[in-house]
Amino acid sequence: MAVVGVGIIGASVGWNLSRRGAKVVFVDAGLPGEGVTNWSFSWVNASNKTVRRSYFDLNVAGMTAYRELAEAIGPDSWWYPSGHLRWADNPAAEAGILRTAELLADWDYRVEVCTGAEVRRRLEPALTMPDEHPVLFYPDEAWVHGRHLVGRLVGKAVASGAELRSGTAVCDIATSTNGRTRTVALSDGSRLDVDIVVNAAGPNASHVAGLIERHLPMRREPGVVTRLDCAQVPIHRAMHAPHIEIRPDGDTSVVLHSREIDALIGTGQDLAELAQLLHESARHAVPELDAARIAQTRMSNRPIPADGFPSVGALPSVPGYYEAVSHSGITLGPAIGQLLAAEILSGKRSAMLADFRPERFCS
């Protein structure tokens with residue numbers, strides 16, 4: 001079995017297959033976990049996934065899968081279940097997040113409505129917001145160090161007999177006379193004889209799909225992420241402050257992202273200018289970040305199928321070809337890994353993936 005793409009989703013699928021006895025070859029044009037996985041806000045949540053109940057449920061399953069994964073492989077260096085904070089700075093936005101909190105509470109999703117003073121006293125003393133300002137705290141949410149987790153999963157899979165081909169792109173996927181996947185040609189001139197191909201290629205998934213003459217429509221939604229170096233990280237958990245998303249990234253680093261800054265991509269500012277805007281917004285929420293230094297900034301294309309939802313499972317018209325392509329791969333990776341590996345090995349389709357099948361894109 002070839003797993004094409006070794007971000008969080010591909011690593012999760014491959015590890016789940018390998019530990020169940022399947023012979024897996026990981027293939028990635030880069031290094032494991034160094035693509036979008038390493039340049040994501042890496043927030044594990046379902047509070048931002050309320051547009052469709054089945055999608056919310058899948059993300060809740062992702063959160064559960066993370067807790068199980070931490071028990072199975074150990075949580076050190078990658079798992080940070082410290083919760084998530086969200087607050088707004090204008091009445092309309094505030095009303096919106098409070099409505100979402102009410103909906104989530106009705107769906108039995110844990111959320112606490114705190115005041116700014118309570119948050120500073122109990123959780124984050126470095127934040128600045130009015131004392132009586134409402135702040136939502138989602139205690140079951142988390143952040144992960146995606147690159148470390150991918151490394152752990154791939155390492156365990158290789159120890160179980162999997163093979164890693166990094167720095168090698170997929171050039172072609174050949175099928176037999178009955179249409180089943182047969183061989184995968186790589187850029188180093190080698191070929192893999194496989195009966196299963198899992199397309200977990202993230203932003204390049206549409207290209208990989210095209211190798212079997214499959215049209216996988218994808219959105220183009222680039223995002224900018226900046227890492228700050230700090231003498232000491234002043235916050236303890238992921239948060240959505242007004243105009244900025246902030247989370248720790250280890251003992252001396254903080255990650256920043258903003259949809260508002262993403263909207264400026266292509267309007268004339270270069271990456272350095274966008275990073276400065278991110279840093280400026282972060283300082284308003286966390287004044288101690290004023291002394292932090294911009295270390296790295298990267299623009300990446302998010303792997304989002306055209307309708308915004310995951311594409312996971314077999315493509316009936318090409319036996320042996322499976323897709324594992326999704327935005328929010330950090331949250332969904334372990335659940336997709338469990339569910340898709342079980343489908344591949346058993347042939348039984350999971351009801352949880354019913355709304356997210358690849359065939360919905362077939363004409």
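1. Arg 152 and Asp 76 form a salt bridge, with 3.2 Å between the closest N and O atoms. A salt bridge here is a side-chain nitrogen of Lys or Arg within 4 Å of a carboxyl oxygen of Asp or Glu. The pair links distant parts of the chain, 76 residues apart: Arg 152 sits in helix α5 (residues 146–159), Asp 76 in the loop between α2 (53–73) and β4 (79–80). Asp 76 is partly exposed, at 48% relative accessibility. The classes are buried (under 20% relative accessible area), exposed (over 50%) and partly exposed in between, with a 1.4 Å probe and protein chains only.

2. On the basis of the note: this is a predicted model, in which local features need pLDDT of at least 70 and side-chain atom pairs count only at pLDDT 80 or more, while totals for chains, interfaces and linings use all residues. Residues are numbered from 1 along each chain as its sequence is written, and side-chain values use heavy atoms, with hydrogens and water left out. Helices (H or I, at least four residues) and strands (E, at least two) are DSSP runs, numbered from the N terminus.

3. Glu 112 and Arg 122 also meet through their side chains in a salt bridge (3.4 Å, N to O). Glu 112 belongs to strand β6 (residues 112–115) and Arg 122 to helix α4 (residues 116–122), so the bridge ties together parts ten residues apart in sequence. Glu 112 is partly exposed at 28% relative accessible area. Arg 122 is partly exposed too, at 45%.

4. What of Arg 302 and Asp 262, buried or exposed? Both are buried. Their side chains meet in a salt bridge at 2.3 Å, N to O. This pair links distant parts of the chain, 40 residues apart: Arg 302 is in the loop between β18 (293–301) and β19 (311–314), Asp 262 in helix α7 (residues 259–262).

5. Shared partners join Arg 219, Glu 221 and Arg 259 into one salt-bridge network. The salt-bridge count comes to 18.

6. The second largest pocket has a volume of about 160 Å³. Of its 13 lining residues, the closest to the centre are Trp 87, Thr 128, Pro 242, His 284 and Ala 285. Helix α8 (residues 271–285) gives the most to this lining, with three residues. A pocket is an open set of points on a 1 Å grid over the protein atoms alone, where a 1.4 Å probe fits, with protein on both sides within 12 Å along at least five of seven lines; lining residues have an atom within 4 Å of a point.

Notes:
Points joined across faces, edges and corners; volume = space filled by probe spheres on them.
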